[in-house]
Amino acid sequence: MQGAALLTNKPNTIRKVYGMDDFNDPYYQFIKMIEQHQDNPFFPRIYRHSIYKNKEFRLSGIHSYFMTGVVLMEKLQPLYGGRIDNDTIVAMFENLGLKIDTPDDLYSMFEDRKTIQKVIEKTTNDTFADALRMLLSSGRRSYDLHSGNWMIRLTSVGPQIVILDPVYGSDINSIPDEQVRRMSFELVA
Ligand SMILES: Nc1ncnc2c1ncn2[C@@H]1O[C@H](COP(=O)(O)OP(=O)(O)O)[C@@H](O)[C@H]1O
Ligand SMILES: [Mg+2]
């Protein structure tokens, strides 16, 4: 995401304001995708998603985007550094058939298509595998699933892992090979 998460006066709801230049924006596409899959508990609940086409978004300093997106999302808890102790985190991933000992393990395990494909084969949880297949369906090559981009939903049957923010702003990695080659050719030509 390229934006900010803000508190709201609605219970258990946060507002995210982000910038995008066009409708291929990876965060916009991610929110659109999970809106279609709200039955998958590994994705955040989305209550509203609006795009303001004529509203420039300025994040910090000089960088600005042509359009502003606003998402109302359920409020979640941090995975690391919050109320969950490390043994519980290890056990939650063990329940998915995965071994995560330190926060850094997450980033490398979900770094790109190849490693995510391995997790899909390894996980014992079909719903988690579905969520990962949906991430791959965007076509992008690398992901941004460091430990800060995972969250927890506290439920009456225990904590649920949630994928918060799997992509980063610049989307060069999701451009097909051929297009990248052509672009680099144009840059040096
Ligand atoms: N749904 C949420 N509930 C609670 N905190 C959130 C939520 N979404 C984001 N945050 C807080 O904001 C931080 C950044 O959110 P994120 O979506 O990863 O955007 P970015 O990567 O652009 O900073 C998170 O690490 C978390 O601390
Ligand atoms: Mg993030």
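A residue counts as near a molecule if its C-beta atom, placed from the backbone, lies within 6 Å of it. With that in hand, here's a quick tour. This is a predicted model, where local features need pLDDT of at least 70, side-chain atom pairs count only at pLDDT 80 or more, and totals for chains, interfaces and linings use all residues. Residues are numbered from 1 along each chain as its sequence is written, while chains are lettered from A and ligands numbered from 1 in the order in which they are written.

**Around ligand 1**
- Ligand 1 has 14 residues around it, and M1, A5, K75, L76 and D165 come nearest.
- Both domain 1 (1–76 + 171–189) and domain 2 (77–163) give at least three residues to this shell, with domain bounds taken from an automatic or database domain assignment.

**Helix 4 and helix 5**
- Helix 4 (residues 113–122) packs with helix 5 (residues 126–136) at about 160°, their axes 9 Å apart; helices here are DSSP runs (H or I, at least four residues), and axes are lines fitted to C-alpha atoms over the stretch in contact, with angles running from 0 to 180 degrees between N-to-C directions.
- That makes the pair roughly antiparallel (over 145 degrees).

Note on methods
Helices (H or I, at least four residues) and strands (E, at least two) are DSSP runs, numbered from the N terminus. Angles under 35 degrees count as roughly parallel, over 145 as roughly antiparallel, 65 to 115 as roughly perpendicular and the rest as oblique.
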